[in-house]
Amino acid sequence: GLPTDYVRQLVLDAAAHLEASFTPSRNGFMLNVTIGKGKAQYVQVIFGKKDEENSPFISFLSVCGRPSPQTLPSLLRWNGRLTCGSVSLRKVGPEEVLVLGAAQPMGSANYDEIEKTILYLAKRGYTLKQFLRAGY
């Protein structure tokens with residue numbers, strides 16, 4: 001597979017091109033992606049995870065907010081229309097939150113796919129966050 005340093009650089013190049021600010025985090029980066037006037041969404045990029053066949057992949061996550069029983073039906077419909085990634089529940093600290101996540105095999109990582117995934121998760125994550133805040 002591709003060395004992590006190479007893939008790490010692809011992520012930094014994509015962040016620069018998207019004019020996203022970033023901070024190193026454990027095993028990756030936290031990117032703050034601007035997606036329009038006054039709109040931004042965090043996307044975390046994590047290296048070093050492996051699938052069930054022991055192949056390394058890059059994980060992309062965007063925390064969107066707390067779930068509520070009334071949002072579940074529309075959330076499931078929305079999840080089915082995503083062209084990249086999916087929404088799942090994850091424990092962040094003491095609470096369960098909804099996270100929009102996607103993954104790519106490390107071995108076939110390329111700049112275009114990485115940039116597209118980061119931007120897609122930022123845009124869709126922002127939409128989902130607003131939806132959850134509105135509490136439909």
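This is a predicted model: local features need pLDDT of at least 70, side-chain atom pairs count only at pLDDT 80 or more; totals for chains, interfaces and linings use all residues.
Modeller: Ground rules: local features need pLDDT of at least 70 and side-chain atom pairs 80 or more, while totals for chains, interfaces and linings use all residues. Numbering starts from 1 along each chain, and side-chain values use heavy atoms, with hydrogens and water left out.

Biologist: Why is Lys129 called buried?

Modeller: Buried means under 20% relative accessible area, with exposed over 50% and partly exposed in between (1.4 Å probe, protein chains only). Lys129 has 18% relative accessibility, so it counts as buried. Lys129 sits in helix H3 (helices are DSSP runs of H or I, at least four residues, numbered from the N terminus).

Biologist: What does Lys129 touch, leaving out residues up to four places away in sequence?

Modeller: Gln41, Val63 and Cys64, where contact means heavy atoms within 4.5 Å. The C-alpha atoms of Lys129 and Val63 are 8.1 Å apart, though 66 residues separate them along the chain.

Biologist: What makes H1 oblique to H3?

Modeller: Their angle is about 55°, with the axes 9 Å apart; axes are lines fitted to C-alpha atoms over the stretch in contact, and angles run from 0 to 180 degrees between N-to-C directions. Under 35 degrees is roughly parallel, over 145 roughly antiparallel, 65 to 115 roughly perpendicular and the rest oblique. So H1 is oblique to H3.

Biologist: Which H3 residues meet H1?

Modeller: Tyr111, Ile114, Glu115 and Ile118.

Methods. Helices (H or I, at least four residues) and strands (E, at least two) are DSSP runs, numbered from the N terminus.
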